[in-house]
Structures are given as structure tokens and as C-alpha cells.
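Hi everyone, thanks for making time for this one. Please have the sequence and the model open while I talk, and stop me whenever you like.

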Amino acid sequence: MALANVSSVKEFILLGLTQQPELQLPLFFLFLGIYVVSVMGNLGLIVLIVLNPHLHTPMYYFLFNLSFTDLCYSSAITPRMLVGFVKQNIISHAECLTQLFFFAFFVIDECYILTAMAYDRYAAICKPLLYQVTMSHQVCLLMTMGVYVMGFAGALSHIVCMLRLTFCDGNIINNYVCDVHPLLKLSCSSTSINELVLFIVVGVNITVPSLTLFVSYTLILSNILSIHSGEGRSKAFSTCGSHVIAVSFFFGAAAFMYLKPSSASVDEDKVSTIFYTILGPMLNPFIYSIRNKDVHIALKKTLKKKILT
């Protein structure tokens with residue numbers, strides 16, 4: 001069977017977050033502000049990590065990739081969302097699939113980057129004497145390559161399956177982003193293969209990271225509880241606290257979005273998507289830097305150099 005798309009629909013209309021006219025302008029400025037903060041926060045963290053040699057460690061290497069991923073997938077979604085607040089948001093079939101590809105690619109990347117960061121914390125707390133070997137430059141590079149390969153494979157599988165669908169009459173997507181669920185609802189051909197692929201991709205990319213995170217943090221907690229010094233326990237907990245918050249926020253919203261009953265409302269889809277695609281990228285730089293002494297020192301050094309020059 002050929003995969004070529006023979007749809008009569010060549011463009012879609014994204015309805016956006018809400019259809020209430022009185023909310024369009026306030027929401028435009030709200031999400032514009034969130035996007036600006038997200039871009040500045042993630043770019044700032046990327047620049048700090050690049051410019052400060054004492055941040056060139058496995059932990060900050062993965063944080064660099066997390067900030068890069070957050071920056072990319074919020075940029076793949078938010079600008080198009082903002083358009084919908086000021087005019088009718090028309091997107092071509094090709095643009096829609098392109099947005100879906102990058103959306104899926106970077107979301108899956110984030111799953112595995114957070115997982116890699118958990119493994120890094122496990123190595124640092126449970127095997128400190130072997131940390132330099134366990135998290136060598138080669139290991140970090142291979143883990144990062146694995147992250148992006150998984151993202152590419154998952155995103156490509158969705159696009160290949162989407163290309164086999166036919167869209168006959170309906171072209172209105174009741175969402176602000178081209179996502180799998182809204183597109184499947186518009187198709188006038190069988191979506192059984194797409195639903196199976198969606199189940200497999202989402203199942204693998206939530207189950208594997210979740211199990212890895214659970215095992216890593218079970219071992220970390222066990223190790224921390226065996227520490228007799230209160231100061232030692234506090235220091236160990238502080239190195240994991242930010243990551244636990246970020247993981248809970250991201251995986252909680254993603255699991256609610258993709259593993260909920262099919263009877264759930266469209267509004268629930270939109271709200272849950274906002275949490276991990278727009279709010280998450282904005283909050284992550286603050287979660288990882290507010291109580292981080294290394295980042296504070298790097299920021300002071302960078303600002304001091306800027307002032308002196």
C-alpha cells in the first residue's frame with residue numbers, strides 16, 4: 001500500500017486555546033510574556049554553561065541539552081499559538097506535519113534527557129568514587145546520541161503513519177498545536193494503525209524512562225537514608241530536589257495527556273499540553289538555578305567580566 005497522501009484537505013485551521021473574543025488579547029500578552037521568559041531563561045542557562053569551565057561536568061552537560069530542547073520545542077509551538085490570538089490560524093498540511101514532527105521529537109528527547117540526568121545523580125550519589133569513569137565524556141556523548149535517536153525514531157514513526165491518512169472535508173483542529181489526537185479525529189480513513197503506533201511510542205517513551213527513574217531514585221533514596229550525617233543527607237537531597245520537581249511536572253502532565261480515557265474533553269487536552277509544552281520550558285531554568293550555588297557563582301563571574309570589559 002502506498003503511503004502517499006491523497007487528501008482533499010490541503011490546509012487546517014487551528015482554533016487555538018479559546019474562542020472567547022474578550023480573552024484573546026489578555027492571553028496573547030500572557031503567553032507572549034511566558035515565551036519571552038522561557039527563551040531568555042533557557043538561552044541564559046546555555047550561555048552560562050558554555051562560558052564557565054567549572055560547569056563543564058556531566059550534570060551541566062545534560063542540563064545544557066535540556067535547556068536546548070526546552071528552547072526548541074517551545075519555539076515550535078508558542079509562536080504559532082500566538083498567531084491564533086490575533087487572526088485566523090491557518091496552517092498548511094505540510095507545515096502541520098512539520099510542527100508535529102518537531103513537537104514529538106523534542107518532547108521525546110526531554111523524556112530521555114531527564115532520565116539521563118537521573119542516572120547521573122545516581123552515579124554521583126551512589127558511586128562517587130567511580131563517577132568520573134561511569135559518566136566519562138564518551139558515556140555522556142553516547143547517552144546524548146541515544147536521546148536524539150529515540151526522539152527521531154518516535155517522531156518519524158508518527159509522520160510516516162500520518163502520511164497514510166486521508167482528510168476529506170473536516171479541516172478544523174480544535175487545538176493550538178498540530179498533535180496526533182486532533183489529527184486522528186479529522187481523518188476519514190482508518191486510524192487503527194496510527195492508534196497502535198501511538199500506543200507503542202507513548203508506552204515505550206513513558207514506561208522505559210519511568211522505570212529507569214524509579215530504579216535510580218529508589219537506589220538514591222536507599223543510599224541517602226544510610227548516610228548518618230544530617231548535613232550529608234541534606235546535601236544529597238539538595239542535589240536531587242530540582243530534578244525530582246522537573247520530572248514530576250513533565251511526566252505527570254504528559255501521562256495525563258496521553259494515557260487518559262478517550263472520553264476526556266478537548267479542553268483537558270489543551271490544559272495538560274500547556275503544562276509540559278509551555279509552562280515546563282519556562283520553569284525549568286528557574287527550577288535548576290534558584291538554589292544552585294554553581295549557577296549563582298557562574299552568573300556573578302559572567303556579569304563581573306561583562307562589567308569590567
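A word on the annotation before we use it: UniProt positions are given in the numbering used here, feature names are shortened, and annotations may be inferred rather than shown by experiment. With that in mind, the UniProt record, an unreviewed entry, places the feature "transmembrane region" at residues 27–51, 58–77, 97–119, 139–160, 196–224, 236–259 and 271–290.

Now the ground rules. Residues are numbered from 1 along each chain as its sequence is written, and side-chain values use heavy atoms, with hydrogens and water left out. This is a predicted model, where local features need pLDDT of at least 70 and side-chain atom pairs count only at pLDDT 80 or more, while totals for chains, interfaces and linings use all residues.

So how confident is the predictor? pLDDT is its confidence in each residue, from 0 to 100. The chain averages 86, and 92% of the residues score at least 70. Among the elements of the chain, helix H5 (residues 137–162) has the highest mean pLDDT, 95, and helix H8 (residues 230–258) has the lowest, 76. When I say helix, I mean a DSSP run of H or I with at least four residues; strands are runs of E with at least two, and both are numbered from the N terminus.

Back to two of those annotated spans. Residues 27–51 are 100% helix and 0% strand, with their end C-alpha atoms 36 Å apart. For residues 271–290 the figures are 95% helix and 0% strand, and the end C-alpha atoms lie 26 Å apart.

Next, the aromatic rings. A pair of aromatic rings is described by the distance of the centres and the angle of the planes. Here, rings of Phe, Tyr and Trp (its six-membered ring) pair if their centres lie within 6.5 Å; planes under 30 degrees apart count as stacked, over 60 as edge-to-face and the rest as tilted. How many aromatic pairs does that rule give? The count comes to 14. One of them is Phe102 with Phe106, a stacked pair at 6.3 Å centre to centre and 20 degrees between the planes. These two residues are 4 apart in helix H3 (residues 93–126), so about one helical turn separates them.

Are Phe102 and Phe106 buried or partly exposed? I'm calling a residue buried under 20% relative accessible area, exposed over 50%, and partly exposed in between, with a 1.4 Å probe and protein chains only. Phe102 is partly exposed at 37%, whereas Phe106 counts as buried at 8% relative accessibility. Phe106 also pairs edge-to-face with Phe105, at 4.9 Å centre to centre and 70 degrees between the planes. Phe105 and Phe106 are both buried. Ring pairs link Phe68, Phe101, Phe102, Phe105, Phe106, Tyr148 and Phe152 into a cluster.

On to charges. A salt bridge here is a side-chain nitrogen of Lys or Arg within 4 Å of a carboxyl oxygen of Asp or Glu, and the structure holds 2 of them. In one, Glu95 meets Arg80, with the closest N and O atoms 3.8 Å apart. Because Glu95 lies in helix H3 and Arg80 in helix H2, the pair ties together parts that are 15 residues apart in sequence. Both ends are partly exposed: Glu95 has 39% relative accessibility, and Arg80 has 22%. There is also a salt bridge between Arg121 and Asp120, 2.8 Å from N to O, and here both residues are buried.

Ala76, in helix H2 (residues 58–86), has its C-alpha atom 6.3 Å from that of Gln99, 23 residues away along the chain. Phe31 sits in helix H1 (residues 21–51) and is buried, at 5% relative accessibility. From Phe31 to Met81 there are 50 residues in sequence and 8.7 Å in space, C-alpha to C-alpha.

Last stop, the surface. Met150, Leu196, Phe199, Ile200, Val204 and Val208 make a nonpolar patch of about 540 Å². Patches take residues with over 30% relative accessible area and no salt bridge, joining like charges within 9 Å and nonpolar side chains (Val, Leu, Ile, Met, Phe, Trp, Tyr) within 5 Å. The areas come from the Shrake-Rupley method with a 1.4 Å probe, and for residues only the protein chains shown count as cover. Which helix gives the most to the nonpolar patch? That is helix H7 (residues 192–225), with 5 residues. Val208 lies in helix H7 and is partly exposed, at 39% relative accessible area.

Technical notes
pLDDT = per-residue confidence, 0-100.
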